[in-house]
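Reader: Could you walk me through this one? I would like to go from individual contacts out to the chains as a whole.

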Amino acid sequence: MAEKMNQTQNFLKGIIKENPVFVMLLGMCPTLGVTSSAFNGLGMGLATLFVLLMSNIVISLVKSQIPDKVRIPAFIIVIASFVTIVEMVLEAFIPFLYEQLGIFIPLIVVNCLILGRAEAFASKNDLLSSIIDALGMGFGFVIALTVLGAVREILGNASLFEWRFVSENANTFILFVLPPGAFIALAYLAVLFNKIAIKTS
Amino acid sequence: MEYVLIFIAAVFVNNIVLSQFLGICPFLGVSNKVTTSIGMSGAVLFVMTLATLTTYLLHQFVLVPFGLDYLRTITFILVIAALVQMVEIILKKVSPPLYQVLGVFLPLITTNCAVLGVAILALGLESGSLIKAVFFAIANSIGFALALIVFASIREQLELADIPKGMKGVPINLLVAGLLSLAFLGFTGLV
């Protein structure tokens with residue numbers, strides 16, 4: 001039972017206490033770059049979740065084989081392989097999303113979140129904990145990106161997941177789908193998140 | 001003329017940090033002092049130019065002829081990681097004063113997405129050539145330096161300002177970055 005509690009905490013820490021975006025500020029480039037709509041945020045989040053999960057699994061399995069001195073390059077190769085898989089799958093099956101995310105798909109390789117979890121968690125813990133850690137952190141990232149994307153899409157485009165709730169030519173805060181809106185929306189979401197996190201803990 | 005346009009586009013209109021969101025980690029991380037941000041900018045200029053030069057040649061003469069284009073991401077990140085290591089070792093030996101200035105920033109650059117991002121973007125330039133790709137890298141690193149140094153100067157002033165409790169730290173920095181990005185938005189349509 002104690003073991004199970006531990007894993008629940010392991011999962012939840014990624015979503016609230018150590019949320020990669022709002023608390024740890026990891027992976028900021030895709031967070032700001034692709035969240036001009038909720039759909040893009042969700043797509044990027046899921047792609048990152050997949051790479052994070054697979055690389056955590058592989059690194060946790062082979063951790064004893066990797067010499068300590070070359071561990072970072074070894075981690076990067078594992079991560080880059082899965083990023084290449086994601087790149088090819090998206091190009092083949094979801095070309096629309098592939099075009100929207102553009103340069104940020106190959107850049108999943110340098111997302112500090114993934115390398116950070118590989119170094120700080122998967123290389124030190126067993127398979128099950130690593131999987132749960134990856135799922136927690138990954139979903140924390142998905143949630144953050146989707147929420148940021150949704151806020152920006154609602155304010156900037158008056159729509160959510162491409163579904164418009166006002167007429168075509170209504171005035172909206174276009175600023176929020178432009179680059180400055182990303183910084184401003186994230187700043188206020190971080191304030192809000194801090195407030196919620198302080199209250200719950 | 002073409003090169004002037006590339007330069008203005010990279011530094012002002014499509015500023016790599018403020019409108020393309022590449023290299024946000026060092027932008028938020030090492031921008032609390034103007035002196036450190038100048039050091040970081042120097043290291044980025046150095047590595048980004050070398051990395052783009054190497055990856056462009058590698059792409060043209062190895063990956064494309066052998067049909068290995070799908071290995072682009074893996075090879076590029078490995079080349080950049082190796083290059084950063086190499087630059088660090090050479091600088092330490094050849095120019096200790098320069099190493100003193102740039103040394104601490106070099107390891108951080110491997111995971112700086114601006115370097116990999118520019119290397120990939122340089123492949124997609126119109127009627128690209130090696131010189132154009134390298135020039136593109138230099139222009140982008142100047143854009144990075146401009147954004148970083150301006151942001152660091154504002155942050156130094158912010159230390160003295162009276163900021164509401166909830167906004168302290170990350171949120172106020174993001175807001176400042178947002179306003180700076182808004183200012184750069186004014187350059188839209190220049191080229």
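Author: Gladly, and please keep in mind that this is a predicted model. Leaving aside its neighbours within four places in sequence, B:L116 is in contact with A:L107, A:V109 and A:V110, and also with B:F76, B:I77 and B:I80.

Reader: Which residues of the largest nonpolar core touch the most other members?

Author: B:L116 is one of them, together with A:I79, A:V109 and B:V115, in a core of 98 residues. As background, nonpolar side chains in soluble globular proteins tend to be buried together.

Reader: How many residues does each chain put into the contact?

Author: Chain A contributes 32 residues and chain B contributes 29 residues. On the side of chain A that touches chain B, the elements giving two or more residues are helix 2 (28–33), helix 4 (71–93), helix 6 (112–122) and helix 8 (179–200) of chain A. Helix 8 of chain A gives the most, with 10 residues.

Reader: And how does that side of chain A divide into nonpolar, polar and charged?

Author: The residues of the side of chain A that touches chain B comprise 26 nonpolar, 4 polar and 2 charged.

Reader: Let me stay with helix 6 of chain A; which of its residues are buried?

Author: The buried residues there are A:C112, A:L113, A:I114, A:R117, A:A118 and A:A122. Within chain A they pack against helix 3, helix 4 and helix 7 (127–157), and from chain B they pack against helix 2 (24–29).

Reader: What about helix 4 of chain B, which residues are buried there, and what do they pack against?

Author: The buried residues of helix 4 of chain B are B:R72, B:T73, B:F76, B:I77, B:I80, B:A81, B:V84 and B:L91. They pack against helix 4 of chain A, and in chain B against helix 3 (34–63), helix 5, helix 6 (106–109) and helix 7 (113–123).

Reader: How far does that helix reach from its first C-alpha to its last?

Author: Helix 4 (residues 72–94) of chain B has 23 residues and reaches 32 Å, close to the 33 Å expected at 1.5 Å a residue.

Reader: Switching to backbone geometry, which residue other than glycine has a positive phi?

Author: B:F21 is such a residue, with phi near 60°. For context, most residues other than glycine have a negative phi. B:F21 lies in the loop between helix 1 (2–13) and helix 2 of chain B.

Reader: Is B:F21 buried or exposed, and why?

Author: B:F21 is buried, because 28 other C-beta atoms lie within 10 Å and the cut-off for burial is 20 or more.

Reader: And B:Q100, buried or exposed?

Author: B:Q100, which is found in helix 5 (residues 96–102) of chain B, counts as exposed because it has 12 C-beta neighbours inside 10 Å. Its C-alpha atom is separated by 38 Å from that of B:P164, a residue 64 residues apart from B:Q100 along the chain.

Reader: Where does A:L46 sit, and how exposed is it?

Author: A:L46 is found in helix 3 of chain A, and A:L46 is partly exposed because 18 other C-beta atoms lie within 10 Å. The C-alpha atoms of A:L46 and A:P20 are separated by 14 Å, the two being 26 residues apart along the chain.

Reader: Zooming out, how many helices and strands are there in chain A?

Author: Chain A has 8 helices and 2 strands, and along the sequence the pattern is α-α-α-α-α-α-α-β-β-α. Its radius of gyration is 18 Å, close to the 17 Å that the globule rule gives for 201 residues, so chain A is as compact as a globular protein of that length. Of those 201 residues, 44% count as buried.

Reader: What does chain B look like on those counts?

Author: Chain B has 9 helices and 0 strands. The radius of gyration of chain B is 18 Å, close to the 16 Å from the globule rule for 191 residues, so chain B is as compact as a globular protein of that length. Of its 191 residues, 38% count as buried, and its C-alpha atoms fill a box of roughly 60 × 45 × 30 Å along the principal axes.

Reader: Last topic, confidence: what is the mean pLDDT of chain A?

Author: The mean pLDDT of chain A is 85, and 97% of its residues reach 70 or more.

Methods:
Residues are numbered from 1 along each chain as its sequence is written. Chains are lettered from A and ligands numbered from 1 in the order in which they are written. This is a predicted model: local features need pLDDT of at least 70, side-chain atom pairs count only at pLDDT 80 or more; totals for chains, interfaces and linings use all residues. Two residues are in contact if their C-beta atoms, placed from the backbone, lie within 7 Å. Helices (H or I, at least four residues) and strands (E, at least two) are DSSP runs, numbered from the N terminus. Ala, Val, Leu, Ile, Met, Phe, Trp, Tyr, Cys and Pro count as nonpolar, Asp, Glu, Lys and Arg as charged, and the others, Gly among them, as polar. pLDDT is the predictor's confidence in each residue, from 0 to 100. A nonpolar core is a set of buried Ala, Val, Leu, Ile, Met, Phe, Trp, Tyr and Cys residues joined through C-beta atoms within 7 Å. The radius of gyration is taken over C-alpha atoms; the globule rule is 2.2 Å times the number of residues to the power 0.38. The expected span of a helix is 1.5 Å times one less than its number of residues.
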